Amino acid sequence: MNALTKILVVDDDEVVRRSHLRSLSGLNCNAMGVWDGAEALAAMERDPFDVVLLDLRMPGLDGMDVLKMNKDKWPEAEVIVITGYPSIESAKEAVRLGAYDYIPKPVGPDDVVNAATGAVNHKRWSLQRDRAAETNAAQGLAESRRAH
């Protein structure tokens, strides 16, 4: 991970939010915390984040709404849902909406670091794959034009 990697922690519980930020401080990244869904979307609007650690149950916009809006507007952002109220239904819904991972609370520092690192690696791999596909498509088009 590098200092350009941006991670947003969204949790209405200040102790949890600070704990996640403390866990991420050992990584070479830029981490920021907000307490609700509206703040999360506003932060993403100002400067999109690479990874979002997202609580499900919050006042105002709940985590599923934030996940959906986030993936609609910033599909390249990897979202990790972290919830104290896990269920099979919410896990399926989170994955359907595009969550990279779904983790039940309580989570330890290693869980936060491993999830964030995995999400960053997944994002890098996806971006490299997309660039390679674009390059191959462009080369194929150029070869097709030369053949005609």
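pLDDT is the predictor's confidence in each residue, on a scale from 0 to 100. I start there, since what I have open is a predicted model.

**Entry 1: confidence**

I looked up the chain average, and the pLDDT comes to 90. I also noted that 83% of the residues score at least 70.

**Entry 2: the overall layout**

I went through the elements and found five helices and five strands. Reading along the sequence, I get the pattern β-α-β-α-β-α-β-α-β-α. The chain has 148 residues, and 41% of them count as buried. For contacts between residues at least 6 apart in sequence, I find that 63% join residues at least 24 apart. The accessible surface is about 8300 Å², and carbon and sulfur atoms account for 53% of it.

**Entry 3: the sheet**

In what order do the five strands sit in the sheet? I read E2-E1-E3-E4-E5, in an open sheet with parallel pairing. Strand E2 (30–34) and strand E5 (101–104) are the edges, each pairing on one side only. Ignoring direction, neighbouring strands are turned by 15° against each other on average.

Next I checked what packs on this sheet. H2 does, and I see it touching E1, E2 and E3. The direction of H2 makes about 165° with that of E1.

**Entry 4: strand E1 and its partners**

I took E1 strand by strand. Towards E2 I have five bridges, with the two strands running parallel. Lys6 stands opposite Asn30 in E2. Towards E3 I have four bridges, again parallel. On that side Leu8 has Val52 as its bridge partner, and Ile7 stands opposite Val51.

Are the residues of E1 buried or exposed? Five of its five residues are buried. I sorted them by face: Lys6, Leu8 and Val10 are on one side, Ile7 and Val9 on the other.

**Entry 5: strand E3**

E3 is mostly covered too, with five of its five residues buried. Val51, Leu53 and Asp55 point one way, while Val52 and Leu54 point the other way. I followed E3 on to E4 and found five bridges in the parallel sense. Asp55 stands opposite Ile82 there.

**Entry 6: the cores**

How many residues does the largest nonpolar core have? I noted 24, and the ones with the most contacts inside it are Leu8, Val10, Leu54 and Leu67. Several elements each supply at least two residues: strand E1 (6–10), helix H2 (37–46), strand E3 (51–55), helix H3 (63–73), strand E4 (78–83) and helix H4 (88–96). H2 gives the most, with four residues.

Leaving out residues up to four places away in sequence, Val10 touches Val34, Asp36, Gly37, Ala40, Val52, Leu53, Leu54, Asp55 and Met58. Apart from this core lies another one, of 17 residues, and I find Leu27, Val112, Ala115 and Ala116 among them.

**Entry 7: two single residues**

First, Ser23, which sits in helix H1 (residues 14–24). Why does Ser23 count as buried? Its relative accessibility is 14%, and the cut-off for buried is under 20%. Beyond its neighbours within four places in sequence, Ser23 is in contact with Pro109, Val112 and Val113.

Then Ala31, which belongs to strand E2.

Key. Residues numbered from 1 in each chain as written. Predicted model: local features only at pLDDT ≥ 70, side-chain atom pairs only at ≥ 80, totals over all residues. Heavy atoms only, no water. Core = buried A, V, L, I, M, F, W, Y, C linked by side-chain atoms within 4.5 Å. Buried < 20%, exposed > 50% of the residue type's maximum accessible area, 1.4 Å probe, protein only. Contact = heavy atoms within 4.5 Å. Areas by Shrake-Rupley, 256 points an atom, 1.4 Å probe, with all protein chains shown as cover. Pairing = 2+ DSSP bridges. Axes fitted to C-alpha atoms, helices over the stretch in contact; angles between N-to-C directions.
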